[in-house]
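Here are a few friendly notes for your first look at how two chains meet. Please keep the picture open beside you as you read.

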Number of protein chains: 2
Amino acid sequence: MAAGALGRIRTETPALPEALRRVGEAILADPAAAARSTIITLAERSGSSPATVTRFCRVFGFAGYAGLRVALATEDGRAAQANWDMGVGHEIGPTDPLDAAIGVMAAADSRLIQETAAQLDAGTVTTVAEAVVAARRVLIFGVSTSGAVAGMAGGRLRRIRIPCWSHADAHEALADAALLGEGDVAIGISHQGRTREVLESLAEAGDRGALTVAVTSFARSPLAELADLVLTTASRETTFRLGGLAAVHSQLFVLDAVYVAVAQRTYEQTNEAFERTIRALESHRVERN
Amino acid sequence: MAAGALGRIRTETPALPEALRRVGEAILADPAAAARSTIITLAERSGSSPATVTRFCRVFGFAGYAGLRVALATEDGRAAQANWDMGVGHEIGPTDPLDAAIGVMAAADSRLIQETAAQLDAGTVTTVAEAVVAARRVLIFGVSTSGAVAGMAGGRLRRIRIPCWSHADAHEALADAALLGEGDVAIGISHQGRTREVLESLAEAGDRGALTVAVTSFARSPLAELADLVLTTASRETTFRLGGLAAVHSQLFVLDAVYVAVAQRTYEQTNEAFERTIRALESHRVERN
DNA sequence: TCTCGATGTGAGAATAATTTTCATCCAATT
DNA sequence: AATTGGATGAAAATTATTCTCACATCGAGA
C-alpha cells in the first residue's frame, strides 16, 4: 500500500529513464516540499513536464498525482513522529529553547502514562473498585500535589454517588479515618510513599478495619508496606528536578482506572447521576456564544 | 505550521457555523479518508458545497484545499507511527474488560498530551512566563476539577518563589482579583471556557489592568474571547462520558510548560528555592526503610 | 549508411478539480 | 415591516491534472 512509498521511490528511481529519474530525484531531495507542490511546480523543479510527473505516479501505482502527494505527506508525518520519540530521556536545562522542552515533556509524560498502564494490575484495580462500590464511606488521603489529586479523584467519585471524602487538612483526615470501620475503604496517595500525614491516616484507617490502598511509585515504601493493596504509579524522576511533577499524570491515571472500574459496576446509577450533575453545573455556565 | 491541524480543528469546529461545522465533523470522523478525498467528495460527505470546504480551509489558515489535505495526511502518518489508532473512537462501556479499558485510556491520554504539545504555542507560553516572573502577584482561577489543577499549578509556582495564589472559593477569588493591578497576571482555567465564576474573576482581573490568560479547550469560548492570551488544551471528549476527565492531563501539561518556562527564567533562584522546599518537606517524611 | 520500430518525451488539448463571484436566504435588529 | 449582516450554495472562472499525439532519439538489422 502507501506504506513505504518513499522507500520504493528511492529503490527504483535509479533504474528509471532520464526524465522520470529526475522527477524521483527531485522528490527524494525534499519529500515534504514535494508534497506541498503542485504537479506543475514539481515538473519545473525536476526539469521535466507535468505529463512526466503523472507518468511517474503511475509507475509507482498511484491513481494520480493526488495519491502520491498524500502518500508523501503521510510519510513525512511518520518521520516527524519518529524523531519525536527520540527526544525521550533528555533533561530540560535552563537554556533549552522552550519548543524543545515542550517536546521532551510531552514525550516523557506520554511514555510515563504508557508505563503506568503497563504495570497497572487490572485485578487489583477490580478489587479496589468492588470495595469502593460496597463501602459505606471512602476516604482519600494526600498532601500537597498528591492532595490535589486526591481532591480530583474524590470529587469525581462523589459525582457518581460514591460516599467519598478527601481532606486537605491532616487533622481532619485523621479524625475521619478514625470513624471508618469494616468494609470501608481508605486510599492514600504519596509519590514517594513516605509522607507522614498520609501514612498516619492510612494506618489509622487500617486499625479500624477499613481496606487500605496505597497509590505510590515505590512498592517497598512505608506506605506500600502498610497498605492492604498497592497500586504502583510509574516513577521516572527526570527532567529539571520536576520530580513529582510528572508523577501527577501517573497518579491521575491510576485513579482514573479505579473510577472507570467503579463506574462500570454502577452503570445505570452512574448515568443518572451524570445527568443530574451536568444539569446542576449547567446553570453556572454562561450561554453559548 | 502543519503541526496540530487536527487538534485545532477539533478545538474550533464546535464554534463554527452550521455548514462549516459539518465539514469539520466529517473530517474528524475519518481524517485519513478526508485526506484522500477530492474537495467535491468531501463536500458531499459533509452535506455542504465545495465552496464551503474551501472556506473551511481558509478558516484554519490554509491557502486552499491542497494545504489541508497535506496537513491531514501528515497527521495521519504521525498517528500511524505512534500507534495512536489503537482505541481511538472506542467508548469504554460497562462490560468492557478492564484491561481493554486501561489500554484505551492510556492511548487516549498519551495522544491527548501529544496533541496538546503540538498545539501549544511556545511564543505565548514565553510571554506568559515573562509576565509571571515580573508580576507582583499571580492569581490562578479554576472551579471543581480545574480548581484542583489551579491548586497544583499555584503550589508549584509558589515553591519557586512566585507570589501566586489559587482559590477554591469563588468570592475570595473575586476579591483577590479586584486587588490586582497593572503588571500582574491572572490565569483562568476552564475546560469548556464557560464557567461563570472563572469568567467573572478573570474579567475583574482584566479590568484592573492585569494580564489575563485563558487555559481552555475552546479557542472561541467566552473565556478565550475575554482573555489577553489563550493557551488551548486539547479537547477530545471521549470515553464513557468522562469528558473533562482527560482534559486534566492536558491542562496540567500546559501549566507545566508555563512552569518550566518560568523556572528557566529564574534558574539560580529556582534551584535554591528547591533546596529549601525539599528540606522543609523532608521533616514530614518518615525515614527511608 | 539507411530504415524501422521501440521507447521516451513534452506540447497542447481535454478534463477534472478548485477557487471565486454573486444572488439568495435566514436570523437578528431597528 | 424593513434593514442589515453573515452564511450558504450555484455557477462562472480559474487552475491543476490527465490524456493524446506528434516528434525525437536510439539501437538493431538491412
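1. Two residues are in contact if their C-beta atoms, placed from the backbone, lie within 7 Å. Helices (H or I, at least four residues) are DSSP runs, numbered from the N terminus. With that in hand, A:Ala122, A:Val125 and A:Thr126 in helix 8 of chain A meet B:Leu98, B:Asp99 and B:Ile102 in helix 7 of chain B. By class, this contact has four nonpolar, one polar and one charged residues (Ala, Val, Leu, Ile, Met, Phe, Trp, Tyr, Cys and Pro count as nonpolar, Asp, Glu, Lys and Arg as charged, and the others, Gly among them, as polar).

2. A word on the source: this is a predicted model, where local features need pLDDT of at least 70, side-chain atom pairs count only at pLDDT 80 or more, and totals for chains, interfaces and linings use all residues. Residues are numbered from 1 along each chain as its sequence is written, and chains are lettered from A in the order in which they are written.

3. Now look at helix 7 (residues 98–119) of chain A and helix 7 of chain B: their axes come within 9 Å and cross at roughly 175° (axes are lines fitted to C-alpha atoms, for helices over the stretch in contact, and angles run from 0 to 180 degrees between N-to-C directions). That makes the two helices roughly antiparallel (angles over 145 degrees).

4. Finally, the whole contact takes 63 residues from chain A and 62 residues from chain B. Helix 7 of chain B gives the most to the side of chain B that touches chain A, with 12 residues.

Note on methods
Angles under 35 degrees count as roughly parallel, over 145 as roughly antiparallel, 65 to 115 as roughly perpendicular and the rest as oblique.
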